[in-house]
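Open the model in your viewer and keep the selection panel at hand.

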Amino acid sequence: MFASSDANAYFSVAQWLGGGEVSNSISNRPLLYPFILIVVYTIGNLYGIWILQFILWLSIINLTYYAIRDLSKNLLFALTGAFFITTNLSLIALTFHALTEVLTCFILSSITFLMI
């Protein structure tokens, strides 16, 4: 989960939020994602972070499907959009890393769904 330097930076900020040592990453990283990381990590360790990322990925697929279906009123368009999200290999791979991309895609798909 923390193979990349960015993921390590987020985790060091998360550890600082949990009462750990101060690191250089505190000045470079926002606090919301590390806060989510430390909460999920204390509940479920690395498996908890992966489960969160996986649930967010599934939610992105569903929210995209419903947003396209409601916007276009066409089932084929909605299935095609959900298929593209489902087969997006980079998004699938990012569920195995503690990075913000999956959360960002989830927020964007949630906003899109709510606006329609």
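Among contacts (heavy atoms within 4.5 Å) in the protein between residues at least 6 apart in sequence, what percentage join residues at least 24 apart? The share is 57%.

This is a predicted model, where local features need pLDDT of at least 70, side-chain atom pairs count only at pLDDT 80 or more, and totals for chains, interfaces and linings use all residues. Residues are numbered from 1 along each chain as its sequence is written, and side-chain values use heavy atoms, with hydrogens and water left out.

**Whole chain.** Show the cartoon. You will see five helices and zero strands (DSSP runs, H or I of at least four residues for helices, E of at least two for strands, numbered from the N terminus). The C-alpha atoms fill a box of roughly 55 × 25 × 25 Å along the principal axes.

**Helix pair.** Select α1 and α2. Their axes, lines fitted to C-alpha atoms over the stretch in contact, are 8 Å apart. The angle between them is about 70°, on a scale from 0 to 180 degrees between N-to-C directions. That makes α1 roughly perpendicular to α2 (65 to 115 degrees). Now show side chains: Y10 and F11 of α1 are among the contact residues, as are Y33 and P34 of α2.

**Core.** Next, pick F2, Y33, L37, I49, L91 and A98. They have the most contacts inside the largest nonpolar core, which has 24 residues. Such a core joins buried residues (under 20% relative accessible area, 1.4 Å probe, protein chains only) through side-chain atoms within 4.5 Å. The largest share, 10 residues, comes from α2.

**Last stop.** Centre on L91. Leaving out residues up to four places away in sequence, L91 touches W57, I60, I85, V102 and C105.

Methods
Buried < 20%, exposed > 50% of the residue type's maximum accessible area, 1.4 Å probe, protein only. Contact = heavy atoms within 4.5 Å. Parallel < 35°, antiparallel > 145°, perpendicular 65-115°, else oblique.
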